[in-house]
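I opened the notebook to record what I looked up in this structure, one topic at a time.

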Amino acid sequence: MKSDKNNYCVIMAGGIGSRLWPMSRTSDPKQFHDVLGAGRTLIQQTLDRFRDICPIENVLVVTNAQYLDQVKKQLPEIPENNILLEPDRRNTAPCIAYACFRIEAENPNARIVVASSDHLILKADAFRETILMALEQAAAKDCLITLGIKPSRPDTGYGYIQFTDEEGTVSAQVKKVKTFTEKPNLEIAKQFIESGDFYWNSGIFIWSLPSILKALERYMPHTNGLFAEGRGVYATAGEKEFIERTYQQCKNISIDYGVMEKAKNVYVLLSDFGWSDLGTWGSLYTHIRQDDNRNAIVGKQVKTYDTSGCLVNVPKGKLVVLQGLEDFIVVDTGDVLLVCKREEEQRIKEFVSDIKNGKGEKFI
């Protein structure tokens with residue numbers, strides 16, 4: 001399956017990442033940042049993971065039209081024709097439908113991996129082996145596959161997948177999905193962990209093109225019909241106008257809700273490759289190397305005194321001195337400074353809403 005001409009990757013890169021404000025902004029969201037100080041931005045790291053899985057010309061990036069220049073600058077090896085521009089944000093189902101119909105115009109036999117542009121994967125080799133196994137399963141059977149992550153804690157911020165054993169899969173790691181549960185409360189999350197038959201939903205999907213198109217037609221006939229009208233237009237000069245018109249009619253709906261929770265042929269591949277969706281400052285804190293005082297610091301010129309348990313993210317050339325802070329988030333983006341207790345980071349959405357109402361879009 002390695003670099004098979006039928007293997008395709010769709011990178012979804014249109015999100016805003018509002019929970020990581022003020023670093024992640026509408027004009028410059030988190031996927032275009034080196035949030036961990038690794039030397040590569042999240043979207044660059046995402047592309048790097050797929051270089052040995054499919055040819056570079058088979059990688060498509062779906063993003064909002066306002067991010068075209070950022071994608072071209074950060075991923076110069078991606079052909080510009082492979083950057084699919086969404087005129088509006090309509091969640092993951094229209095995004096995926098658009099990409100799949102575009103791929104159909106080029107290769108009806110495609111097998112497709114759909115991945116977000118802002119996830120962290122610590123074990124690259126294990127990730128590659130997992131993806132190749134999923135592609136093998138997708139080629140062998142009419143099925144829709146999601147990667148399930150072995151949970152390390154009863155986290156209420158993730159969706160959960162319950163699975164059962166079933167014969168006929170390419171590996172014992174591939175299980176039939178029984179139920180999906182979106183972001184349960186803590187008590188239920190604890191029960192899920194104790195049962196042993198629930199994994200986190202990573203939001204990474206693998207399927208053959210015929211399987212996903214059949215599922216879209218059955219479970220999302222309205223969305224499917226809109227994009228199916230474009231057959232003959234994709235990859236031509238008329239595509240841009242067609243997509244702008246189509247998105248005006250699209251419902252805002254996720255692929256999870258629209259297809260995965262309804263379809264009967266959904267499987268989960270049980271995975272463990274050091275995954276995080278890096279959706280919050282708290283999740284970032286756990287993945288940045290900490291000093292002896294539990295401070296996770298991104299920034300070359302940060303001095304701390306009597307400070308512990310803090311997440312600090314500041315511009316490279318800025319000198320920052322912190323004294324007497326315990327368990328705080330400190331983020332400086334030049335025009336915005338956020339100082340917030342780590343345990344109250346859920347209030348960031350409230351801060352953003354208040355700033356938007358009082359100051360307009362400038363700082364959002």
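How many of the 15 residues of helix 3 are buried? I kept in mind that the model is predicted, and I counted 11 of the 15 as buried, so helix 3 is largely enclosed by the rest of the structure. Among the buried residues I noted Cys95, Tyr98, Cys100, Phe101 and Arg102. Helix 3 runs over residues 92-106, and from its first C-alpha to its last I found a reach of 22 Å, close to the 21 Å expected at 1.5 Å a residue.

Then I went through the backbone. Most residues other than glycine have a negative phi, and most peptide bonds are trans. I found a cis peptide bond, with omega about 5 degrees, joining tryptophan 21 and proline 22; proline 22 lies in the loop between strand 1 (7-12) and helix 1 (42-49).

I also noted two positive phi values. Arginine 294 has a phi near 65 degrees and sits in the loop between helix 10 (281-287) and strand 12 (296-298), where I recorded it as partly exposed at a relative accessible area of 39%. Aspartate 327 has a phi near 60 degrees and belongs to the loop between strand 15 (320-323) and strand 16 (328-332); with a relative accessible area of 28%, aspartate 327 is partly exposed.

Note on methods. Residues numbered from 1 in each chain as written. Predicted model: local features only at pLDDT ≥ 70, side-chain atom pairs only at ≥ 80, totals over all residues. Heavy atoms only, no water. Helix = DSSP H or I, 4+ residues; strand = E, 2+ residues; numbered from the N terminus. Expected span 1.5 Å × (residues − 1). Buried < 20%, exposed > 50% of the residue type's maximum accessible area, 1.4 Å probe, protein only.
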